[in-house]
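Trainee: Could you walk me through how to read a sheet and a pocket in a model?

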Amino acid sequence: MDALFDALLRRVVRVGRLTVRYPDGRSATYGTGDAPAAGLRLRDSATIRRILRNPSLHFGEAYMDGGIEPEDGSSIYDVLDVITGNIAAGSSHPLLRAHEWLSDHLRLLRQINPASRSRRNVAHHYDLNGRLYSLFLDRDRQYSCAYFARGDETIEEAQAAKKRHIAAKLRLDRPGLTVLDIGCGWGGLAMTLAREYGAIVTGITLSQEQHAEAQARAAAENLSGRVRFELVDYREVGGRFDRIVSVGMFEHVGLAQFRRFFGVIHDRLEPDGVALLHTIGRLKGPGSTNPWLRRYIFPGGYSPALSEVAPAIERSGLYMTDVEVLRMHYALTIRAWRRRFAANRDAIAALYDERFCRMFEFYLAGCELAFRHDGHCNLQIQLARRIGAVPITRDYMVDAERAQPLRVPRSVST
């Protein structure tokens, strides 16, 4: 098995350097360069056999269980940086290609998300102890891509800028506009739109933890008259709204439900209304969700290519009135989360355990590197039912954004 593992790494690691210490004490170095560099120890032969069965799934599990340990001052981020950078550059192995082929062909089946499954999927990740998220997110608990105009902003500044960027695209040009926030999280965006733009907002989520926290925050800020939160699936919402926004939720919809999702936006949007979709996307075209990420973090999740999203929009009766690709913004966002997680690791371990901390470390490191190496991005797609619902140039977005002061929250309300 050592020989098979050695052959796999020699095919994959060509740029940078990965030093591996095998269970028998032997060390081998893979790659020809000096940077990036990392060291890795394999605990036993069972770990090697396990990884070889399905590297994309079992490598992460081996880190969670202590079967692999970074060495030589390396972190799991450093190890994954070497491996994912090489794979993104084209290095591969027949074993990896076989698993990728199978995953691609099963992706539609794995993304069938009726309402009952969507609720279970959401609970898996978002109904964790609320204190966990307060220990690595920004103070407003924005759990989606931030907006870095310069690149050196704090995460609080970048998340406030993200909300302002979105508000400008929603064209909230007068108070009293009704807004539907699909996948409202802990309520930060909804409360910002109500407090700073005078909107009347309905936020919906399937997470009981998020719903309770959002309601408590709105009550603490005396916003309950302008913001309400409902524990409901997007397919069950009634009424019409002047504006619709969805941030970081579309990744949980699944390919099979894309047409239904945009059909709901069309039906819930007023004829002269504006909608904004903010979602992770793929610049390299369609793919499949990493099996480890699908099992442990986001069951039923998938980040689509624009080529997969556009046909569903076109068939829904909606117009795409603006599309923006945010390329490295999510890498910077997750880097901030990863550093905060590390700074608060002891407190998080007290909430859960060591295995949970390793799972989250692997998740944050792998996702950040997907945006750095593998063509992941964030898409902001503005939509309208009427082609003339927004001005014909983007000047109004820039003007509205510059006119609105950047308000960085000092703390969450509860």
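Mentor: Strands of a sheet pair through backbone hydrogen bonds, either parallel or antiparallel. Here an open sheet of 4 strands has the order 2-1-3-4, with mixed pairing. Two strands pair if DSSP finds at least two bridges between them; strands (E, at least two residues) and helices (H or I, at least four) are DSSP runs numbered from the N terminus. This is a predicted model, where local features need pLDDT of at least 70, side-chain atom pairs count only at pLDDT 80 or more, and totals for chains, interfaces and linings use all residues. Residues are numbered from 1 along each chain as its sequence is written, and side-chain values use heavy atoms, leaving out hydrogens and water.

Trainee: Which strands stand at the edges?

Mentor: Strand 2 (27-30) and strand 4 (68-71); each has a single partner strand, so one side of each lacks a neighbour in the sheet.

Trainee: How do strand 1 and strand 3 run?

Mentor: Parallel: 5 bridges join strand 1 (residues 17-21) to strand 3 (residues 37-42). For instance, Leu 18 has Ala 38 as its bridge partner in strand 3.

Trainee: And the pocket?

Mentor: On a 1 Å grid over the protein atoms alone, a pocket is an open set of points where a 1.4 Å probe fits, with protein on both sides within 12 Å along at least five of seven lines; lining residues have an atom within 4 Å of a point. The lining of the second largest pocket includes Arg 164, Glu 196 and Tyr 396. Helix 8 (155-170), helix 9 (188-197) and helix 17 (395-403) each give two or more residues to that lining.
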